[in-house]
Amino acid sequence: MTERGRTSDKVITRAWWILIVTTVMVGGLGLFLMYILGGQIEVGDPIVERFTPTDIFVQPDAEWNTSVLEPGSPETREIRKLTWLVFAITAGIFVVVEGLLIYAIFRYRRRKNDSEAKDPVQLYGSNPVEIAWTIIPIIIVFVLCLATIRTIQTVQPTKNERPENALTVEVIGHRWWWEFRYPELDVVTANEMFIPVDRPIWLEISSADVIHSFWVPELQGKMDAFPGHLNYWKLTAEEEGTYLGQCAEYCGNQHANMLIRVEVLDALDFGSWAKRQAQPADVATGKDVLLGREVFLKYACQNCHAVAGLSNGTYAPDLTHLMSRVTFAGGMIPNNADNLKAWIDDPEQIKPGCDMPALKLSTEEIEQVVAYLVTLK
Ligand code: HEC
Ligand SMILES: [Cu+2]
């Protein structure tokens, strides 16, 4: 072509440069902002001088193993099978499409001795090609669809498919913690779900407020927790150990601190855990402990929290066997006396926006109430 052809080449080159430079600039700016803001997002302001938590955002003693590719139940094994199938099909598509693209780029590139004026052969429409690239994707989507439906049918039970020998756990999402109730065992606990190995567990999942989602990646898929509606999950853990999970539906500002910890025990250990949990632990003796119990009753603690034999609050985590749990506040903080003091002094400092108010206890009262709480084993 003429002068004009060359100018448009230049324009295209310039456009490429503008695109590359803007991408790098916008990306760089984004990273820079993330760096600055990331450093500023801290857990609360250090307004509290009296007590400071020793450690936060830790799941003590647990491997951070939450991979969907390492199934710990028959259900997650089925899900992984589907994952690999979808991956294989889409990887195949990727290879074919990219292969053709690269082939076309090299095979039909402009050669040195091509005259500038020589345009490639111009084709307008081709029925066989149009039909092929309509039918093939339809078949692929159909296959993916069938495979997905089959997996859903295998892993997701209907209301009537509760296995005979299953153990029922009612899972209730709250902002921002989980409640676990075992109706057959008369046990209520929070954030840490204990289950026996090799026995089907029947989960009845719901919510006390907004929509949450119960997700322990190695044990089952995600299941929404709705207020006023039950969803069912069935799972059988195949190995003892600790499994971690996380609320998987954005539910407010502390969503990220709504963790799940599942302890899978052998049948015997589970039996003794359940037996212990079903009994009250409120056996306060000693001056400070008894005073702490008074503090618990005097302040509103008892309206929100249950301690079997002492109070019946249902709004907040059951504290009957608080010290049998290794974490508290939705699994975000290790459970020990120092952290409990910091928490009761000002929950906002640790978990901004959470639904427990700072009740303005004196330093002495905090020491006393924690002396009482740590007896709840
Ligand atoms: C208005 C209701 C309310 C009152 C009153 C209240 N709490 Fe709480 N408390 C909560 C809620 C809600 C949580 C869970 C917060 C979270 O994890 O987001 C909580 C969590 C806790 C926890 C951690 C439990 C766990 O396993 O996660 C302890 C311990 C606790 N409160 C002690 C107390 C004490 C002691 C008092 C009295 C001084 C008190 N609370 C008063 C609502 C309340
Ligand atoms: Cu949630």
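This is a predicted model: local features need pLDDT of at least 70, side-chain atom pairs count only at pLDDT 80 or more; totals for chains, interfaces and linings use all residues.
Visitor: What makes D186 exposed or buried?

Guide: A residue counts as exposed if 12 or fewer other C-beta atoms lie within 10 Å of its own, and D186, with 12 other C-beta atoms within 10 Å, is therefore exposed. D186 is found in the loop between β2 and β3, and its phi is near 65°, a positive value in a residue other than glycine.

Visitor: What makes K360 exposed or buried, and where is its place?

Guide: With 9 other C-beta atoms within 10 Å, K360 falls under the rule of 12 or fewer, and so K360 is called exposed. Its place is in the loop between α8 and α9, and, although K360 is not a glycine, its phi is positive at about 55°.

Visitor: Why is α7 described as largely enclosed by the rest of the structure?

Guide: A residue is buried if 20 or more other C-beta atoms lie within 10 Å of its own, and 7 of the 9 residues of α7 are buried, which is why this helix is described as largely enclosed by the rest of the structure. The buried residues are N339, L340, K341, A342, W343, I344 and D345, and they pack against β14 (333–334), α8 (347–350) and α9.

Visitor: Why is the set of residues that includes V171, V262 and V369 called a nonpolar core?

Guide: The name applies because such a set is made of buried residues of kinds that include Val, joined through C-beta atoms within 7 Å. The largest nonpolar core has 59 residues, and those with the most contacts inside it are V171, V262 and V369. Helix α9 (residues 363–373) gives the largest share, 6 residues, while domain 1 (58–110 + 122–268) and domain 2 (287–373) each contribute at least three residues to this core. Leaving aside neighbours within four places in sequence, V369 is in contact with G292, V295, F296, I344 and L361.

Visitor: How do you know that domain 1 and domain 2 touch, and how many residues does the contact take from each?

Guide: Two residues are in contact if their C-beta atoms lie within 7 Å, and the contact takes 19 residues from domain 1 and 17 residues from domain 2. On the side of domain 1 that touches domain 2, β3 (187–190) and β10 (259–265) each supply at least two residues, and by class this side has 9 nonpolar, 6 polar and 4 charged residues. The C-alpha centres of the two domains lie 34 Å apart.

Visitor: How does the radius of gyration of the protein chain stand against that of a compact globule of 377 residues?

Guide: The rule for a compact globule of 377 residues gives a radius of gyration near 21 Å, but the protein chain has 29 Å. Along its principal axes, the C-alpha trace spans about 100 × 55 × 35 Å. Of the 377 residues, 28% count as buried.

Visitor: Which residues come nearest to ligand 1, and what classes make up the shell around it?

Guide: Among the 32 residues around ligand 1, C301, C304, A316, F328 and M356 come nearest. The shell around ligand 1 has 24 nonpolar, 5 polar and 3 charged residues, with α6 giving the most, 3 residues, and with at least three residues drawn from each of domain 1 and domain 2.

Definitions and conventions: Residues are numbered from 1 along each chain as its sequence is written. Chains are lettered from A and ligands numbered from 1 in the order in which they are written. Helices (H or I, at least four residues) and strands (E, at least two) are DSSP runs, numbered from the N terminus. Domain bounds come from an automatic or database domain assignment. A residue is near a molecule or strand if its C-beta atom, placed from the backbone, lies within 6 Å of it. Ala, Val, Leu, Ile, Met, Phe, Trp, Tyr, Cys and Pro count as nonpolar, Asp, Glu, Lys and Arg as charged, and the others, Gly among them, as polar. The radius of gyration is taken over C-alpha atoms; the globule rule is 2.2 Å times the number of residues to the power 0.38.
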